[in-house]
Amino acid sequence: MSGTLRRTLSGLLYLAWATLTVACAEDKRLQQTVTFQEPAQSLKSVCQKLSRSTGVVLFPVPPLDKEIVLVDAASLPLKALMDALAHALDAEWSAQPNGAYRLSRPPKRALERRQKDDAAIADAFRRAVEQDFKRLEQQAWTREALQQSLQEAAVLLRTMVAGEQIGFAERRRLVLQGRALNPTSRLVMRLLLQMNPKQLTSIPVGEARVFSNRQGRFLTPLGFDVSALLQQYAQEQNLLSTVWHNPQVGIAQAEQDYRQKHLYGESPLTLSWGDLPNTKPLSTASLSVYLLVGRVAGDAFSVDAIVVDTATGSVYTYGEYFPLPTEASQPLPKGAWRQQPMHWSEESRLLAQAASSFSATFYTLEGDQPPYVLTQAHQRVVDPALVEPHSTITTDLLRSYARAISKPLVALTMDRTLTEYAIDPNLKGMIISGRDKLEQHIRFLQAYEWNEVSSVLVAKPVYASYAWGDRFDRAGVSRVSARVLQRGYATLNDRLEWAQAEAPYTDDCGARWAALRGATQFMYTAPHAVERMLNRLPARERETLLKGDPIRLDKASPLLREEVIRLVYRVHGARVSKAVPLVHNEEMNREVRITRLPHAAFPDGIPLDSTVRLYIREIAAYVPQRSGHLVAQTEPLWELLEGLSDAEKRARAEATVALFGLERIYTLEVRLPDEETIIQVGGSGIREFRPLHEKPVRWRELPADVRQQLEASVRGETPATDSP
C-alpha cells in the first residue's frame, strides 16, 4: 500500500470517528435521566438493563463485558452515567452507525494506565526498600556494636537450649536482630536501590527473574557495576565473622548447641542466613550474586538473594517480601459521614454468618468441632454462581459511602477484597452485630481511588490495570466445588478444571469461596502452573505425562518445551535435586550447590536430551465425616494412627468415620541426561484422593487387607513410579 493511499484511508477513518463522536455529543437520547440502583454485577448485565430501560443500545466488548461494576444513581443523565463508566474502566464509548454505543479500551489508553500504575508501583517499592534499609542501618557495623548484639542473642539462645521458654517479644527480637546482622540483607537493599525500577515492573505477575553479576541466557544483568557493593559486603561479612568466632562472645557455640538440639535446624537468629560466617576472609573476586525477584502480585514482590563464595564454598542467603501499600494516595475527606452507621443487606448478613460458622468449624484447635451446617439461604449466598460475591459486602460498603456524601456512584470492583470475607473476624463480627460505623471501614474504602466525573463519584482500585480481568470463574468455582462437596474428595479432573476456574493471581480467592460452601479441599492451594500447562498440552502428551512416562524435550511438542522452560526459569519455586556443582573447592573439599536456583547451575538452559515427566507417589490418607457429611478435606493417615498405644488416641481413631484410601501426588520434574540431576517445579504437586472403599466406615470396619495396605503405606511411602 502506497504512503498516499495509507494517509487517505487514515484520514477517512479519522473523519468517520470524529463524525461519530460529534453524533454522540449531540444525541438527545443521552440527555434522558436514568435510575439504576442495583448491587454489583457484570458490565454486560448493566449495559443490557440500561439498554432496555432507555432504548439506547449500549454494549461493552470483551473482555470489558466480564468486569464487575457497581452503579448506584437516581435521576442521572444517561450521558453522565456513560462517562462515569468509561472513566472507571479506562475505556471509551464510540457511536455506531446503527445508533448503538460501543465501550472499549483502546490499546493506547490501556498502555497509558499501565505505565501510570507501574510508575506508582516503582515509587512505592523504592520507598519500601528505603524504609527497610533505614531499619537495618540502625545496627551500627562496628566491632563493639556487633559484639554487644551477638552477646545479647547468645543469652537468649542459651536460654532456649536449656529448655526454658522465651516470650514472643524475645523471639521476635532474635528474628529482627538476625535480619539486621545478616550482611546479605544489607547487600540486597543496596542492590535494589540502584536497580532501574522498570526492571522490576516489567516482570509479569506470577513470574520471576534472576538478576546477577554473572552471564547467562537466563540471567538478567543488574545493569550497573557491583564491585563497590561487593567490596563493602566482603568487609561487613569479614568483620561479622571475626566477632562471630570470638569465644568470648559465645554466639558460635550457642548457635551450634541450638542446631544440635533442634536437629540442625537454624535458630531464629540465623533464619534464612544460609551458611554461617566462615573463618576464611571473603574476596570480592570470588563472589557471585543471584537476585531472584518474583512478581507475586501487581503490588507485591518477593526477593531472594544468594551470594556464592567460590573460594570458600560458602553460600549466603536472604529473603524478603515486599507487599506495597494499596491505599490511595489521596485520603478520604473528613466529615460527618464517618459517624454514620453501616447498613448491611440481608445477603451480607447471611454471608457473614456462613463465614463465621465456617471459622468456628475449621479453625477450632482443641475440643470437638461444631458441625458446619448451612440453611438453604446460606447455601445460596455462598454459591458464586447464584449470588455475585461483590453484590454483598462490597456493594454495601461502597454504596454506603457514596450515599453518606450524597453522590451517585459508579465503581469498578476487585476480587482481591473478597478474600477478607472468609478470614477477617472483625469484619464478620461487625456485620453480624450491626453496630459498626463507616469510619471502621476506612481501610477497605481507601483501597479505591475516588474521583468525580460529570457529577458522579467514580471508584476504581489502586493500580487499576492490575485488577482488570483478574476474576475467578464464578460458574466454574461453583461447579467444581459442588462436585467435591457431593463426592467428599477431589479427583484429578477436578484439579485440572479448578486450575481454569481459579483466577491466576488473586490470592486463592475462588478457593476461599469454595471453602465457604464446605469444600475445604481447595483452601491454601499452591499456584496452578502445572495444571494449567497440562490443560494446554495436546491430549497425547498430557496422557503420557499423567501415566508417569518420560518425554524427551527434543521429541516434545514446541508447546511442551516452551512450558517447561517457563516453569523452570520464569516461575518462582523450581528446585534442583543432586545439582551439578558450580565449583569444587579442593582445599575445602566441598562442592558449592544451589538447590533453589536452576539459573545458577544451568544459566544457558536445560540440555534438550533431558526428559520431563510427572513423578507419582502415593500416601495413605483419609477424608473424615462429621455430622453425617464428608468434610471434603484429606488428612494424612499417620496423624490418625500415630500413638495408637495410647488408649484415648486409639478410641478417637477407632471412632472416626471416614473414607480411607491413597492420595496420589503428581510432581513435575525435569531429569537431565546424567540421570541424577533433577529439577522439580510446580510446588508440592497435584493431589488427588483415591478411596479404597465406597462408603464411610470406622477404621476397625475396614477389610483386613485394606488396613494392611494402608498401614504399610504409613510405615514407608511407596512411590507409584520408580523413585528418583
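**View 1. Glu 67 and Arg 471 form a salt bridge, with 3.3 Å from N to O.** A salt bridge here is a side-chain nitrogen of Lys or Arg within 4 Å of a carboxyl oxygen of Asp or Glu. Glu 67 sits in the loop between β2 (58-60) and β3 (68-77), and Arg 471 in the loop between β13 (456-461) and α17 (474-487), so the pair ties together parts 404 residues apart in sequence. Helices (H or I, at least four residues) and strands (E, at least two) are DSSP runs, numbered from the N terminus. Both Glu 67 and Arg 471 are buried (under 20% relative accessible area; exposed is over 50%, partly exposed in between; 1.4 Å probe, protein chains only).

The model is predicted: local features need pLDDT of at least 70, side-chain atom pairs count only at pLDDT 80 or more, and totals for chains, interfaces and linings use all residues. Residues are numbered from 1 along each chain as its sequence is written, and side-chain values use heavy atoms, leaving out hydrogens and water.

**View 2. A salt bridge network links Glu 67, Glu 388, Asp 415, Arg 471 and Arg 474.** The count of salt bridges comes to 39.

**View 3. Lys 460 meets Asp 90 in a salt bridge of 3.1 Å, N to O.** Lys 460 belongs to strand β13, while Asp 90 lies in the loop between α3 (78-88) and β4 (92-95). The two are 370 residues apart. Lys 460 and Asp 90 are both buried.

**View 4. Asp 132 and Arg 179 form a salt bridge, their closest N and O atoms 3.5 Å apart.** Asp 132 is in helix α4 (residues 107-136) and Arg 179 in helix α6 (residues 168-181), so the pair ties together parts 47 residues apart in sequence. Asp 132 counts as buried because its relative accessibility is 10%. Arg 179, at 22% relative accessibility, counts as partly exposed.
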